[in-house]
Amino acid sequence: MAPTAINQAYNTGYSTPTEPAPIHPTAARRTDPVIVESEVTSYSDSHITAKYEYKGAHVVKEQGRISVKPTVSQYEFQTARKVQKTGLMMVGLGGNNGTTLTATVLANRHNITWRTKEGPMSPNYIGSLLRASTMRLGTDPETGRDFNIPVSDVLPMVHPNDLVIGGWDISSYPLDAAMDRAQVLDWDLQRQLIPMMAEIRPLPSIYYPDFIAANQSERADNVIPGNDKQAHVEHIRRDIREFKTKHGLDRVVVFWTANTERYSAIIPGVNDTADALLKSIRESHAEVSPSTVFAVASILEDAPFINGAPQNTFVPGCIELAERHKAFIGG
């Protein structure tokens with residue numbers, strides 16, 4: 001069963017206040033666009049175009065002297081004004097990180113409040129760099145005071161509440177059971193999220209026991225069969241395409257939130273170049289990790305891939321492949 005986007009409220013049997021709780025500033029939607037009035041910035045119905053001049057210097061030390069030559073580089077940046085409908089597919093959807101992130105989005109989307117021994121709590125995105133950080137735009141000419149806005153308001157950006165969430169996990173637990181197993185969230189919040197989380201089930205994932213802790217074997221009841229790593233790449237690519245089509249998405253981002261893998265050995269002729277890595281995948285070489293398989297599948301599907309674990313997913317061949325396809329990878 002493919003992951004399902006949840007967009008409606010649920011009757012949890014919990015007595016709710018007559019007045020909804022205020023939406024936290026980090027989760028609020030602001031509609032005032034930032035318009036830069038400058039000869040180097042222009043606006044069309046579809047794009048914002050900005051020209052930027054970067055000033056640097058070339059420095060050479062020779063014959064007992066240091067020579068500095070100023071340089072100027074011209075850049076042009078173009079940003080789409082229409083925010084894309086975006087899906088977030090997490091590898092390790094049913095783990096501690098995957099369930100907590102999903103619960104965070106759902107709690108903010110529905111503005112769910114819950115009770116703890118310290119009192120009532122409300123959702124927020126305080127942990128988000130884009131939603132919780134501000135930047136200085138300039139000064140107010142009347143007061144002389146700095147004018148700051150959230151980073152997420154500088155350019156058109158996806159609001160996390162609008163993300164369509166899905167992904168993979170080696171455990172078949174639906175997300176309500178996985179959330180309970182994780183033991184991260186307060187029970188009163190879990191109780192209200194159960195109906196929504198229960199509808200999300202992870203897709204089968206890749207399991208190579210040599211790369212992760214042995215205790216994960218007990219959970220591995222939801223794996224893509226076989227040992228053919230080329231077939232696994234094609235399976236993940238198909239999952240991305242089908243998820244994108246099913247939910248009418250413009251873009252899918254793949255995010256590794258699963259267990260940290262052991263490091264892959266960097267071996268000449270195996271993973272040191274893009275062609276060597278693709279050949280090793282076709283031959284199901286033992287040093288091709290699950291995360292590298294997901295990264296390669298994402299690159300080939302033009303889906304940005306974010307590595308959220310301290311592991312060497314991006315072996316040299318993977319980086320070269322991303323450069324070849326002009327694909328975004330990070331983490």
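Lys326 counts as exposed, at 73% relative accessibility; exposed means over 50% relative accessible area, buried under 20% and partly exposed in between, with a 1.4 Å probe and protein chains only. Lys326 lies in the loop between α8 (316–325) and β13 (329–330). The model is predicted, so that local features need pLDDT of at least 70 and side-chain atom pairs count only at pLDDT 80 or more, while totals for chains, interfaces and linings use all residues. Residues are numbered from 1 along each chain as its sequence is written, and side-chain values use heavy atoms, with hydrogens and water left out.

**Positive phi angles**

- Most residues other than glycine have a negative phi.
- Lys326 is not a glycine, yet its phi is positive, at about 55 degrees.
- Gln63 also has a positive phi, near 50 degrees, and is a residue other than glycine.
- Gln63 is placed in the loop between β2 (47–62) and β3 (65–80).
- With a relative accessible area of 82%, Gln63 is exposed.

**Overall architecture**

- The protein contains 8 helices and 13 strands; these are DSSP runs numbered from the N terminus, with helices being H or I of at least four residues and strands E of at least two.
- The C-alpha trace spans about 70 × 60 × 40 Å along its principal axes.
- Of the 331 residues, 40% count as buried.
- Among contacts with a separation of 6 or more, 68% are accounted for by residues 24 or more positions apart; a contact means heavy atoms within 4.5 Å.

**Surface and charge**

- The accessible surface of the protein comes to about 18,700 Å², and 52% of this belongs to carbon and sulfur atoms; the areas come from the Shrake-Rupley method with a 1.4 Å probe.
- There are 32 positive and 37 negative side chains, and the centres of the two sets lie 2 Å apart.
- In this count Lys and Arg are positive and Asp and Glu negative, while His and the chain ends are not counted.
- The place of each charge is taken as NZ of Lys, CZ of Arg, CG of Asp or CD of Glu.

**Packing of two helices**

- Helix α5 (residues 229–246) packs against helix α6 (residues 274–282) at an angle of about 105 degrees, with the axes 6 Å apart.
- Helix α5 is therefore roughly perpendicular to α6, a term for angles of 65 to 115 degrees.
- Lys229, Gln230 and Val233 of α5 make the contact with Leu278, Ile281 and Arg282 of α6.

- Val34 is located in the segment before β1 (41–43), and its relative accessible area of 24% makes it partly exposed.
- Not counting residues up to four places away in sequence, Val34 touches Tyr43, Leu137, Ile149, Asp153 and Val154.
- The C-alpha atoms of Val34 and Asp146 are separated by 16 Å, and the two residues are 112 residues apart along the chain.
- Ser152 lies in the loop between β8 (146–150) and β9 (164–169) and counts as buried, at 8% relative accessibility.
- Leaving aside neighbours within four places in sequence, Ser152 is in contact with Arg30, Leu130, Arg131 and Met157.

**Arg201**

- Arg201 is found in the loop between α4 (187–197) and β10 (203–204).
- Arg201 is partly exposed, with a relative accessible area of 36%.
- A distance of 30 Å separates the C-alpha atoms of Arg201 and Ser264, which are 63 residues apart along the chain.

Terms used: Axes are lines fitted to C-alpha atoms, for helices over the stretch in contact, and angles run from 0 to 180 degrees between N-to-C directions. Angles under 35 degrees count as roughly parallel, over 145 as roughly antiparallel, 65 to 115 as roughly perpendicular and the rest as oblique.
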